[in-house]
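Here are a few notes for you on the aromatic rings. Keep the viewer open while you read and click through the residues as they come up.

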Amino acid sequence: QVQLVESGGGLMQAGDSLRLSCAASGGAFRAYYMGWFRQAPGKEREFLAHISWNGGITLYADSVKGRFTISRDNAKNTVYLQMNSLKPEDTARYYCAARLPTSTSWNYWGLGTQVTVSS
């Protein structure tokens, strides 16, 4: 069982940068693909990015490509989401998730961290 705890959210202004962190425990962190998602009020959860166990493979949603960067530190059991040039439409609750490489669904989720971007 993997436990995920996100941190780093807050109230930001348009154009700001912010780095979210997700600390994992209870499992072999390096065995998992890690992903970031977000959900805004009244909207479905949206995939943002994922990263393979060694960081060699990353994938981004078009909506954040070029602005957000996912990375991981296996020594710290932590995955990050660097968010630049924040926009009001980035306002959402941000979640990290973990899945095994062979899984087609995300097996573990954190409780999320809120990011609010004002114009």
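**Notes on the aromatic rings**

1. Let's start with the count: there are 4 aromatic pairs in the structure. Keep in mind that this is a predicted model.

2. Take Tyr32 and Tyr108 to begin with. Their rings make an edge-to-face pair, with 6.0 Å from centre to centre and 80 degrees between the planes. Tyr32 belongs to the loop between strand E3 (18–25) and strand E4 (33–39), while Tyr108 is in strand E10 (residues 108–109), so this pair ties together parts that are 76 residues apart in sequence.

3. Are these two tyrosines buried or exposed? Tyr32 has 11% relative accessibility, so it counts as buried. Tyr108 comes in at 18% and counts as buried too, because the cut-off for buried is under 20%.

4. Now have a look at Phe37 and Trp109. The ring centres are 4.7 Å apart and the planes are at 55 degrees, so this pair is tilted. Phe37 sits in strand E4 and Trp109 in strand E10, so here the pair ties together parts 72 residues apart in sequence. Phe37 is buried, at 7% relative accessible area, whereas Trp109 is partly exposed, at 32%.

5. Phe37 and Trp109 also belong to a cluster: ring pairs link them with Phe47 and Trp106.

6. Finally, check the arginines. Arg99 lies over the face of Trp106, 5.1 Å from the ring centre, and Trp106 is one of the residues in that cluster. Elsewhere on your list, the charged end of Arg45 sits over the ring of Tyr95, at 4.2 Å from its centre.

How values were computed. Residues numbered from 1 in each chain as written. Predicted model: local features only at pLDDT ≥ 70, side-chain atom pairs only at ≥ 80, totals over all residues. Heavy atoms only, no water. Phe/Tyr/Trp six-rings, centres within 6.5 Å; stacked < 30°, edge-to-face > 60°. Helix = DSSP H or I, 4+ residues; strand = E, 2+ residues; numbered from the N terminus. Buried < 20%, exposed > 50% of the residue type's maximum accessible area, 1.4 Å probe, protein only. Lys NZ or Arg CZ within 6 Å of the ring centre and 35° of its normal.
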